[in-house]
Amino acid sequence: MSPVVGLTAVLAVSLLTLGIGIFGVRVSRTTSDFYVASRSVGPVVNAAAIGGEYLSAASFLGAAGLILAHGADALWYPVGWTAGYLVLLVLVAAPLRRSGAYTLSDFAELRLESQAARKVSSVVVALIGVLYLLPQFQGAGITLRTLVGAPTWTGSVLVAVVVLVIVLFGGMRSITVTQAFQYWLKLTALIIPAAVLLSHWRRTSGTSAPQMHVTDWVEPMQGQYATYLVYSLMLATFLGTMGLPHVVARFYTNIDGRAARRTTLGVLGLLSGFYLLPTVYGVLGRIYSFHLVSDGRTDAVVLELPSDVLHGFGADILTGLLGAGAFAAFLSTSSGLAVSVAGVLSQDVLRGRSDPVRNFRLATALVVSLTLVLLVVSTGVPVARAVELAFAVAASTFCPLLLLGIWWRGLTAPGAIAGLLIGGGTCTAAVVAALAGYDAPGIAGPLLAQPAAWTMPLSLGVMVAVSAATASRRPLSVMRTMVRLHTPEHLDVDRGTFDPERRTADRAATRSAAGAAQPAEPTVQRGSD
């Protein structure tokens with residue numbers, strides 16, 4: 001395609017995103033603005049923002065690539081990514097909003113009344129966030145290489161720079177409007193080319209169009225251990241959604257618990273419509289772009305299809321539109337991840353500094369920089385596979401913590417910490433093996449490739465067993481916390497005094513007072529000796 005068209009599309013999306021983000025700077029002043037948009041986002045805007053944030057590189061590029069390569073088995077990816085919100089709606093959304101937390105670490109501290117549980121949760125949030133950021137930067141590199149032939153690192157750096165500008169200066173309030181806009185941009189960017197390509201296929205079907213050889217491509221669960229792999233994937237995607245830090249952080253921005261449920265219903269509708277499109281691209285790729293399978297470039301099928309089907313300027317325009325949508329996907333998801341991870345690091349790692357907003361900005365820079373470094377040493381796992389591994393870690397850590405923390409008063413801090421460490425540790429070891437390209441023999445291969453089916457039950461079992469053994473260490477205020485989580489906001493009940501914003505301000509005031517109380521150091525006169 002013409003590099004000019006591709007570069008124009010990418011720059012237009014980047015500049016438009018920067019423009020919206022800079023507008024957010026005008027209304028982002030307080031700590032609450034940066035972390036949770038002052039909890040003032042309505043269900044309609046929030047649903048679109050979650051859709052924009054959640055539909056990442058895996059959704060825009062990776063899902064179609066996996067459908068192209070693996071056929072019917074890969075359909076479980078979009079099904080699982082959507083169905084996860086149904087679990088979130090029924091079990092988690094409203095109680096999580098009522099907790100009043102800014103982050104998952106805040107929730108762990110509130111529910112377990114333990115600083116140790118908070119610190120372990122912070123480590124897990126950072127781990128999941130970086131695992132999820134890697135494929136976003138990787139996808140940006142693939143897109144820019146396909147559009148203009150640039151080295152893959154340039155796309156990663158471009159996304160990193162735009163995300164830094166948006167998040168550093170606007171925080172959650174700024175990226176909310178940006179992500180809502182980007183959902184509709186991504187949807188439009190997929191619908192228009194899909195309509196043109198389907199129209200062309202219909203006109204040429206039975207004449208000059210290539211024929212699709214289905215063989216076992218439409219038969220699910222083929223091959224050894226296929227049944228285990230599919231069910232483990234389903235478990236990871238169904239339950240991992242509720243443990244993704246950037247997804248959970250969005251529910252803190254709702255006005256109340258009822259709005260959180262309405263937001264989740266809206267997200268289910270938006271995702272259900274969107275995920276019909278990657279299936280179309282995967283099937284058309286099987287007809288027109290099957291060469292990408294042998295080339296090992298299935299992640300590029302969405303971007304390559306227009307030039308494989310059509311020719312000339314029309315193909316360039318469609319590819320440029322798809323490239324714009326892809327970059328919107330990378331920017332929106334990366335922004336949400338940067339906010340969620342930076343929020344945790346700024347509160348738990350950099351809290352020795354006095355200004356919480358400055359801590360937030362510094363943490364954002366650290367997260368983005370670390371991800372770029374890790375991208376250099378990674379082995380290039382397919383985009384959707386890398387995201388799937390992040391889902392597996394989330395399902396093996398925060399899913400049990402949230403389910404038990406919200407619905408079982410017997411959960412204790414030692415039980416939660418043990419489950420996070422064992423479930424998260426074993427799943428992370430399997431993820432590292434997969435990212436390193438290790439191919440274990442026999443049944444060990446599938447167990448490492450798709451670990452959620454055994455690491456999630458392991459984490460849940462450990463939390464229950466250790467909590468039962470340490471029942472005497474049940475949080476003192478657990479009943480009041482359960483009332484807070486499950487009672488509608490309009491009822492006048494004792495919900496406790498937990499408030500992340502006030503706690504942050506109190507810490508800053510305490511540090512300032514301590515510094516003022518210290519005796520001043522003698523001033524050294526530097527003159528002639």
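Predicted model: local features only at pLDDT ≥ 70, side-chain atom pairs only at ≥ 80, totals over all residues.

Q: OK, so at what angle do α12 and α13 pack?

A: About 10°, and their axes are 4 Å apart. The two helices are therefore roughly parallel to each other.

Q: Which residues meet there?

A: From α12 you have S272, G273 and F274, and they meet L276, L277 and P278 of α13. By type, the contact of α12 with α13 has 4 nonpolar residues, 2 polar and no charged.

Q: Switching to aromatics. How many pairs does a search of the whole structure find?

A: It finds 9 aromatic pairs. One of them is Y54 with F391, which is edge-to-face, at 6.3 Å centre to centre and 65° between the planes.

Q: Where do those two sit in the chain?

A: Y54 is in helix α3 (residues 43-54) and F391 in helix α18 (residues 383-395), so to speak distant parts of the chain, 337 residues apart.

Q: Are Y54 and F391 buried or exposed?

A: Both Y54 and F391 are buried.

Q: What about W81 and Y275?

A: Their ring centres are 5.9 Å apart and the planes are at 40°, so that pair is tilted. W81 belongs to helix α5 (residues 76-91), while Y275 is in the loop between α12 and α13, so the pair ties together parts 194 residues apart in sequence. W81 and Y275 are buried too.

Q: Which aromatic cluster holds these rings?

A: One cluster includes Y54, F391, W81 and Y275, with F274 from the helix contact also among its members.

How values were computed: Residues numbered from 1 in each chain as written. Heavy atoms only, no water. Phe/Tyr/Trp six-rings, centres within 6.5 Å; stacked < 30°, edge-to-face > 60°. Buried < 20%, exposed > 50% of the residue type's maximum accessible area, 1.4 Å probe, protein only. Axes fitted to C-alpha atoms, helices over the stretch in contact; angles between N-to-C directions. Parallel < 35°, antiparallel > 145°, perpendicular 65-115°, else oblique. Contact = heavy atoms within 4.5 Å. Nonpolar A, V, L, I, M, F, W, Y, C, P; charged D, E, K, R; others polar.
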